[in-house]
Amino acid sequence: PTGATTRSSTASAEWFERAHRVTPGGVNSPVRAFNAVGGTPRFMVSGRGAWLTDVDGHDYVDLICSWGPMLLGHAHPEVQAAVQDAVTRGTSYGTPSRSEVELAEEIVARTPVDQVRLVSSGTEATMSAIRLARGFTGRDVVVKFAGCYHGHVDSLLAEAGSGLATHAVAGTPGVPAASVEATLVLPYNDRAAVERVFAERGSEIACLVTEASPGNMGVVPPEPGFNQFLAETCARHGALFVSDEVMTGFRVSRQGQWGLDGAHEGWRPDLMTFGKVMGGGFPAAAFGGRADVMGMLSPQGPVYQAGTLSGNPIATTAGLTTLRLATDEVYAHVDAAATTLSTAVGEALDRAGVPHLVQHDGSMFSVFFAPRVDRVVDFAGASSQDTSVFRAFFHAMLDRGVYLPPSAFESWFLSAAHDDHALQHVIDALPAAAEAAAQA
Ligand code: PMP
């Protein structure tokens, strides 16, 4: 296609080779590698606003935003100043400190949880929520949906068993069959499947865990009323409804996905998990919920859970500052930017004749390339896309200075720093990328 700039990635390739010698696959989290799209991941040296700069000196408009956290963009001056100030007072005390209380207060004020416990990653948050749900109910079975990701928790790294069986099989070597024996995996958005499993096993189910709006199989929003249906079904059977808002929390609205459905429909989850935005780019996450359930946690109750760096003063300062700056105007801007961009992507693909679906949940959106369904409602639909089309699109965008998530099964993320200049840079890259996709 015309206008292709083959940007050198010599320095990134050298760093990637060095990384490979000391780290499996050269990365510390698998999706950062380009296994799904081929090629060399770029090693970044700095980020500012909507932009990242790599070791070869190239600039990219960042549509990953650290996989969600950077709601305000990179190196936000006020977040930086707050963090720098906090660092002058030491980096970890191992005692209670003020900023962790203030961050917990901010989360409790924005969401329907009564109390939260802070942890350091989304994985820890869901792992702890599952343990708490089991401890509270005295039951073992966990229900989850295919295509929902909740971190690398053994019992949640489960895939649907074959055929009609809903029992799970381990999603990776290293997870004993026993760890997923009590996990049931259902198709997302499938009310009948949920009803069936609760009818059969309701009294054994400790909790149902779901992404509040899935973003880990591409963006696959809940059908209207689906989360309410899940909350009510759980309540009817004495199971807890665990809503994972690690990705959506404080991103798709001030109150996360719950602000888009539960707040209006009049229900609330029993437990919720948070991460990403609430850490402001540092390792901070949380789980929270009903006071009677949270009261079961150690040291108040018998369910053990702990963490050396939980509530770390630097991470909680970054998260608190980020949330305080995440005003209604910020959400309005990010929503508008997402509409502008997703519309432009759809138009460019239409013009090039590339079959596709753009799906949204608030400011999160993703593009399914050449799917064999009219609407993606579950993992089977998401999996029907042609990933080779995405691969061609991805590399054409990368060549033109746009860093997309390197997988067809990911949400694209924007920030308050994605201004007209950054959006126009992405829009200008679209025609050639759509053409490349058409030829894939
Ligand atoms: N839950 C959801 C919905 C997520 O998107 C993620 C991370 N992508 C996690 C949990 C796990 O979070 P972490 O990577 O911080 O462990």
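Keep in mind that the model is predicted.

Let's start with the sheet. It is open and has four strands, in the order β1-β2-β3-β15. The pairing is mixed. Now look at the edges. Which strands stand there? They are β1, residues 44–48, and β15, residues 402–403. Each has a single partner strand, so one side of each is left without a neighbour in the sheet.

Next, how β15 joins on. Strand β3 covers residues 59–62 and runs parallel to β15. Two bridges join them. Asp62 has Tyr403 of β15 as its bridge partner. A helix also packs on this sheet: α14, residues 420–438. Helix α14 touches β2 (51–54), β3 and β15. Its direction makes about 100 degrees with that of β3.

Neither is a glycine, but phi is positive in both: near 60 degrees for Ser66, about 70 degrees for Trp67. Are they buried or exposed? Ser66 has 17 other C-beta atoms within 10 Å, so it is partly exposed. Trp67 has 20 C-beta neighbours inside 10 Å. The cut-off for buried is 20 or more, so Trp67 counts as buried.

Last item, the cis peptide bond. Which residues does it join? Ser298 and Pro299. Omega is about 10 degrees. Pro299 sits in the loop between α9, residues 291–294, and α10, residues 313–325.

Methods. Residues are numbered from 1 along each chain as its sequence is written. This is a predicted model: local features need pLDDT of at least 70, side-chain atom pairs count only at pLDDT 80 or more; totals for chains, interfaces and linings use all residues. Two strands pair if DSSP finds at least two bridges between them. Two residues are in contact if their C-beta atoms, placed from the backbone, lie within 7 Å. Axes are lines fitted to C-alpha atoms, for helices over the stretch in contact, and angles run from 0 to 180 degrees between N-to-C directions. A residue is buried if 20 or more other C-beta atoms lie within 10 Å of its own, exposed if 12 or fewer, and partly exposed in between; C-beta atoms are placed from the backbone.
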